[in-house]
Amino acid sequence: MEFGLNLGSEFFFRKAGHDYKGILNEFGVEYSWTGKYGFVCLNTSKIPLGKYLATDGMNTEGLSTSSLWLPGSEYQTITDKKKELPVELFCNWVLSNFATCADVKKAVLSGEVQVKGLTKGKDQLMPVHFPVQDVQGNSIVIEYIGGEPHVHDNPVGVLTNDPPFEWHVTNLRNYVNINSADFELAEFEGQKYLQTGHGTGFSGIPGDSTPPSRFIRAAMMKNFASAVDTLDKATTLAFHILNTVDIPHGTSKSVEKGKPTSYDFTQWAIVKDLERKICYARFYNSPQVYSIDLAKINFDQMDGKSITIPESPISIDITDKAKELTAEMA
């Protein structure tokens, strides 16, 4: 999650069987549904109604979705008020209703809902697209372009922000030279040159914080990283890949005349083990990873509740281990 405004995100819980009519009434729409599945998500508790809004989460069936910024998104014209779904609740709708990517794709393209954008005048205030993954390993991307829903299969398994997904996939063609093997020797005018260090195969990978550059970095890291044989190792690898696209505060700022400077930074990173139904997250102010095991959650008791992620400790002090070793040697 990269954003200038601190969203105050927390782990938020919803049970299976929850009636969503109440929150929908706050948005002034007629559509409502009763959730089939429980889920855990990261919310946006510091914005209006944000406590109840899923931005990134996983349900008890191992389905995952999130919302990523896509300026230029155009949502649907509402022709049936009984199908009107505010875009702010799209992730809640997906997580509470579906178990597979195929089910989500069918519902979106069949017109089961009509997604309404959050607008101010002619401006879209929440232009986003949605990656969806399921426990079978399927991955899709949902976008609203020109007022119509578009669902793309995602064999790359990576998504960042603007531009639309198909542009990012085409852009991969500019990096077909990337390889994990070193280029150890070059010769110019009879003079031989050795590499300066390992990693020359990745020369040319963009290092800036724009969405296209981060898409390429994540895709190449995912493609060339050594295969792992356990889910714990897969989780660790996922965090290592996310580290390569992390944005430190102050390195990406927006300066507009008459407005205070805003800083885009990585507020949190989340990894979801869809097989074991474990959700991991770490926040900006601490590298410690915290996890929620959905199999151990009583969703009836936790419905509507949230857990704030602690910002400390930033490390685990093992100084006492040195004292213990000293005492053993004495």
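In which loop is the place of L49? L49 sits in the loop between β3 (39-42) and β4 (56-59); helices (H or I, at least four residues) and strands (E, at least two) are DSSP runs, numbered from the N terminus. This is a predicted model, in which local features need pLDDT of at least 70 and side-chain atom pairs count only at pLDDT 80 or more, while totals for chains, interfaces and linings use all residues. Residues are numbered from 1 along each chain as its sequence is written, and side-chain values use heavy atoms, with hydrogens and water left out.

**Backbone geometry**

- Most residues other than glycine have a negative phi, and most peptide bonds are trans.
- L49 has a phi near 65°, a positive value in a residue other than glycine.
- With a relative accessible area of 28%, L49 is partly exposed; buried means under 20% relative accessible area, exposed over 50%, and partly exposed in between (1.4 Å probe, protein chains only).
- E189 also has a positive phi, near 50°, and lies in the loop between β14 (185-188) and β15 (191-194).
- The relative accessible area of E189 is 87%, so this residue is exposed.
- D162 and P163 are joined by a cis peptide bond with omega of about 5°, and P163 belongs to the loop between β13 (148-153) and α4 (165-171).
- Another cis peptide bond, with omega of about 5°, joins S312 and P313; P313 is placed in the loop between β22 (306-307) and α8 (319-329).

**Cysteines**

- A disulfide is a covalent bond between the sulfur atoms of two cysteines.
- The structure holds zero disulfides, the criterion being a pair of cysteine sulfur atoms within 2.5 Å.
- C41 is in no disulfide, and the nearest cysteine sulfur, that of C91, is 8.5 Å away.

- Rolling a probe the size of a water molecule over the atoms shows where empty space is left.
- The structure has one cavity of 30 Å³ or more; on a 1 Å grid over the protein atoms alone, a cavity is a set of points where a 1.4 Å probe fits but cannot get out, and lining residues have an atom within 4 Å of a point.
- The largest cavity holds about 30 Å³ of space, where grid points are joined across faces, edges and corners and a volume is the space filled by probe spheres set on the points.
- The lining of the largest cavity consists of A54, T55, S67, V87, E88, F90, C91, M126 and F130.
- Six of these lining residues are nonpolar, two polar and one charged (Ala, Val, Leu, Ile, Met, Phe, Trp, Tyr, Cys and Pro count as nonpolar, Asp, Glu, Lys and Arg as charged, and the others, Gly among them, as polar).
- Helix α2 (residues 90-97) is mostly covered, with eight of its eight residues buried; F90 and C91 are among them.

**Buried polar and charged residues**

- T65, in strand β5 (residues 64-66), is buried at 0% relative accessibility.
- A polar atom of the T65 side chain lies 2.9 Å from the backbone oxygen of P131; a polar contact is a pair of N or O atoms within 3.5 Å, and within protein one must be able to donate a hydrogen and the other to accept it, with residues adjacent in sequence counting only if both atoms are side-chain atoms.
- Leaving aside neighbours within four places in sequence, T65 is in contact with residues including C91, V94, L95 and F130 (contact means heavy atoms within 4.5 Å).
- E143 is found in strand β12 (residues 139-145) and is buried at 1% relative accessibility.
- The E143 side chain reaches the backbone nitrogen of F165 at 2.7 Å.
- E143 and F130 are 13 residues apart in sequence, and their C-alpha atoms are 6.6 Å apart in space.
- R214 lies in helix α5 (residues 211-224) and is buried, with a relative accessible area of 8%.
- The side chain of R214 makes a polar contact of 3.0 Å with that of E2, and a polar atom of the R214 side chain lies 2.6 Å from the backbone oxygen of V245.

Methods:
1 Å grid on protein atoms, 1.4 Å probe; cavity = no way out; pocket = protein on both sides within 12 Å on 5 of 7 lines; lining within 4 Å.
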